[in-house]
Amino acid sequence: MLSGIRKYCRLGRVYLHSALQLRISTKITVLYAAILMVVLILSSVVTGLGVYFSFYHQAEVEIEMSMRHMLEDFDSGRMRNPAFWRKSPVMPGVVLRVTDLTGQLIYQNDDHYPSLEEIEANEIGDPPFWANQDMRVSELHNFSIYHAKATLDYQGQIYQLHFFRTITAERNFLATLQNFLFVTTLVGCILALVVGYFVSRRILSPIRDMTNSAREIEVSQLGRRLKVPPAKDELAVLAETFNHMLERLERGFEQQKRFVSDASHELRTPVTVILGYSDLLSRWGREDAKVLDEGIASIRSEAENMQELIEKLLFLARADQKRQVLHRENMDISALLAEVMDKMKLVTKTHSVELLDNEPGMVYGDKVTLRQLFRIFLENSIKYTPQGGHITASCRRRADEALELVFADDGIGIAEENQQKIFERFYRVDTSRTKGTGAGGTGLGLSIARWIAEQHGIDICMESSLGKGTKFILKVPLAGKNEAAREATGA
């Protein structure tokens, strides 16, 4: 028995798996037909039961009224008048028979009606639930008889009154109605399958078109877009969402190609220099000390540049993969800013570096990356400020319980059309305007600065104009206000 149950369970899983693999149009058609079938079946059952109940209830009412009239006539004495029996004492359609206790027939109003013995012999032992439990049902040939009886005491003699109501035409009608409902339900289900199939195919036709278009879109064709249906329905929203996703994929793919191209270009230059000096050293470095020193110094310088570039690339790669670990703690940002500015003054001899207002404030963040954030802005100012220029930093408390850090310089400035690009990876301003400043670098610093700022809930604003310098304004939330920023970044 258990093996049989397991077999049926396996078959059920197979059928369920097969059903789940059906096309959506087929699933919709089957579901639509199943719902309609259930509705039709329920309607047919309710209609049939209602008709049956109505016919039986009508017969029951006529029998009860006839019984009540007979008893009232007996109580009033009208039954003793022979004229009372010459006309039918019951309602039309109701047959009356009067017998004594021995079963001998005393009176009947229809001589052609089946005998009492025949009616009782064909009585149904379990009548339908819509029949009155105080009445009986008999089935004879092609008709049914609904009947009841009452006992009457007349002049010391006991008589039994038998009331019959025939359901003949009603029974034929009910049989015809059953067949009609069955055929209607069957035809309705077939029509539901056919119509549901074509309707579902028509409704899902835009989805198939979208699927075919999506299959044709390759990496080299990310510029293609799905056709948005004119109706503003769910399919239009789906197409717009997919097109928006394609736009983001296209931007990301283009950014990735540009990133790889720029990284290759940045690495190609120092590798070429190192190979050139290696070749130079292999030819004349053993004999010429000056060439040897120059080659070693250049190779070391290019290697350091490569190391810096690789470290920044690795930092951004870990950031993109959300693997960059931040060790957050409460700290006084004014002390960290003062530390960074003191070291910057020591290493910078060609520019004036000055710390202005430095109001204290506790923030919650990673000290290492915040220090790196300050250095990026300061080093960027040094690169794009001519020698003798001024670089300042300040920290002030705002009225909205936040700190405002400002890094400013009087360097070459940034054109308005380029201000939104400076945070892109490998972006650098036009080198023709920076030859006199000694500006170099990888173009990754501000990208790293933006990521660090985002992780700490810091807003960055910039004010710059050509020839007048640049000002970076950082809005840093205090430790109490930084809780929302930590939840927003998932830290």
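User: Strands β10 and β12 sit side by side here. In which sense do they pair, and over how many bridges?
Analyst: This is a predicted model, so let's read it as one. β10 covers residues 402-409 and β12 covers residues 469-477. The sense is antiparallel, and the count is eight bridges.

User: What is the strand order of the sheet they belong to?
Analyst: Five strands make up this open sheet, and the pairing is mixed. Neighbouring strands are turned against each other by 10 degrees on average, ignoring direction. Reading across, the order is β7-β9-β10-β12-β11.

User: Which strands stand at the edges?
Analyst: An edge strand here has a single partner, so one of its sides is left without a neighbour in the sheet. That applies to residues 352-358 and to residues 459-465. The edges are therefore β7 and β11.

User: Which helix packs on that sheet?
Analyst: Look for the helix that touches β7, β9, β10 and β12. Its direction makes about 165 degrees with that of β7. It spans residues 333-347, and it's α8.

User: Moving on to α7 and α10, at what angle do they pack?
Analyst: α7 runs over residues 289-320 and α10 over residues 445-455. Their axes are 10 Å apart, and α7 passes α10 in a left-handed crossing. The angle is about 35 degrees.

User: Which residues of α7 and α10 make the contact, and how do they divide by type?
Analyst: α7 brings Lys 312, Phe 315, Leu 316 and Ala 319. From α10 come Gly 445, Ser 447, Ile 448, Trp 451 and Ile 452. An α-helix has 3.6 residues a turn, so residues three or four places apart point the same way. By type, the contact residues divide into six nonpolar, two polar and one charged.

User: Which residue with a positive phi follows α10?
Analyst: The helix ends at residue 455. The phi in question is near 70 degrees, and the residue is Gly 457.

Methods
Residues numbered from 1 in each chain as written. Predicted model: local features only at pLDDT ≥ 70, side-chain atom pairs only at ≥ 80, totals over all residues. Heavy atoms only, no water. Axes fitted to C-alpha atoms, helices over the stretch in contact; angles between N-to-C directions. Helix = DSSP H or I, 4+ residues; strand = E, 2+ residues; numbered from the N terminus. Left-handed = near helix turned anticlockwise from the far one by under 90°. Contact = heavy atoms within 4.5 Å. Nonpolar A, V, L, I, M, F, W, Y, C, P; charged D, E, K, R; others polar. Pairing = 2+ DSSP bridges.
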